[in-house]
Amino acid sequence: PQAHGSCTVRYGDTVILATVIKSKNVREGIDYFPLMVEFEEKLYAAGKIKGSRFIKREGRPSDDAILTGRMVDRAIRPLFDDRVRNDVQVVLTALSFDGENDVAITSLLAASTAIAISPIAWNGPIAGAKIGLNEDGGFKLNITPEEANAGKLDLVVAGTPEKTVMVEAGANEVDEDTIFKAIKWGSEQLAPVVELIKKIQSEVGKEKETVPVLADDLADVGDNKEEE
């Protein structure tokens, strides 16, 4: 309730809680958009409870947790207005992991939904999918971690059917034509999820705020008029 937007997304028995919040104050003295995306692994999500006599807290983020946060960051960052200087934090917490359905894709969908229903200005929503290759050369949607490790293609596509925002891939001797077709096919599969998020946004979403005009923008407009 204290976040600007929050939701849980369930895919199989993998459940992700996403929250997004924007600071009230502008950070002075910076020339970049201060977005932070953090993915939090919880051992209880996989049914594990630490039994040490001394260590009862979660440890430092694992490499997979860091890479998951970075993947979500790369997908959602381009859709913010880069003139904003307010801190924006997206926190993704794994509440449950079934070992089959990918937490990264579920986290991306959760982040997109939370930001879409929040009042924070954002040019979304988007969706994401993980694409693999079948033995017959066809494409498979949202492959499991085992299939990703054993298969010839592990492709992540984020965006909408009309525009691709982010692509991340690992492949083993896959030709460029197949990669291109996989990106196109994967983008087409995003349509139902994007429509679902838009429906949720229309039902419970808050009115989006407008980005104020900055002094630098006014200076640029004045310079262009003088040149004309």
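## Cavities

The model holds two cavities of 30 Å³ or more. A cavity is a set of points, on a 1 Å grid over the protein atoms alone, where a 1.4 Å probe fits but cannot get out. Grid points are joined across faces, edges and corners, and a volume is the space filled by probe spheres set on the points. This is a predicted model: local features need pLDDT of at least 70, side-chain atom pairs count only at pLDDT 80 or more, and totals for chains, interfaces and linings use all residues. Residues are numbered from 1 along each chain as its sequence is written, and side-chain values use heavy atoms, with hydrogens and water left out.

The largest cavity has a volume of about 60 Å³. Its lining consists of Lys22, Phe33, Phe80, Asp81, Val84, Val88, Ile120, Ala121, Glu209 and Val211; lining residues have an atom within 4 Å of a point. Seven of these residues are nonpolar, three are charged and none is polar. Here Ala, Val, Leu, Ile, Met, Phe, Trp, Tyr, Cys and Pro count as nonpolar, Asp, Glu, Lys and Arg as charged, and the others, Gly among them, as polar. The second largest cavity has about 30 Å³ of space. Tyr11, Asp102, Ile105, Asn142 and Ile143 line it. They divide into three nonpolar, one polar and one charged.

## Pockets

A pocket is an open set of points with protein on both sides within 12 Å along at least five of seven lines. The largest pocket has a volume of about 900 Å³. It is lined by 35 residues, and Phe39, Glu41, Asp64, Ala65 and Thr68 are the closest to its centre. Two or more lining residues come from each of β3 (35–40), α1 (63–76), α2 (103–117), β7 (153–159) and β8 (164–171). Helices (H or I, at least four residues) and strands (E, at least two) are DSSP runs, numbered from the N terminus. α1 gives the most, with seven residues. By class, the lining has 16 nonpolar, four polar and 15 charged residues.

The second largest pocket has a volume of about 310 Å³. Of its 18 lining residues, Val9, Arg10, Leu109, Val193 and Leu196 lie nearest the centre. At least two residues each come from β1 (5–11), α2, β5 (127–133) and α5 (191–204). β1 gives the most, with five. This lining has 12 nonpolar, five polar and one charged residues.

## The antiparallel sheet

Four strands form an open sheet in the order β6-β5-β7-β8, with antiparallel pairing. Two strands pair if DSSP finds at least two bridges between them. β6 (139–141) and β8 stand at the edges with a single partner strand each, so one side of each has no neighbour in the sheet. From one strand to the next, the twist averages 25°. Angles run from 0 to 180 degrees between N-to-C directions, and axes are lines fitted to C-alpha atoms, for helices over the stretch in contact.

β5 and β6 pair over three bridges. Ile131 stands opposite Leu141 in β6. α1 packs on this sheet and touches β7 and β8, with its direction at about 145° to that of β8. Contact means heavy atoms within 4.5 Å. α2 also packs on the sheet, touching β5 and β7, and its direction makes about 160° with that of β5.

## The mixed sheet

Another open sheet has four strands in the order β1-β2-β4-β3, and its pairing is mixed. β1 and β3 are the edge strands, each pairing on one side only. The twist averages 15° from one strand to the next.

β2 (residues 14–26) and β4 (residues 86–96) run antiparallel and are joined by nine bridges. Leu17 has Thr93 in β4 as its bridge partner. α1 lies across β3 and β4, at about 140° to β3.

## Aromatic pairs

There are three aromatic pairs. Rings of Phe, Tyr and Trp (its six-membered ring) pair if their centres lie within 6.5 Å; planes under 30 degrees apart count as stacked, over 60 as edge-to-face and the rest as tilted. Phe33 and Phe80 form a tilted pair, 5.1 Å centre to centre with 40° between the planes. Phe33 is in the loop between β2 and β3, and Phe80 is in the loop between α1 and β4, 47 residues apart. Both residues also line the largest cavity.
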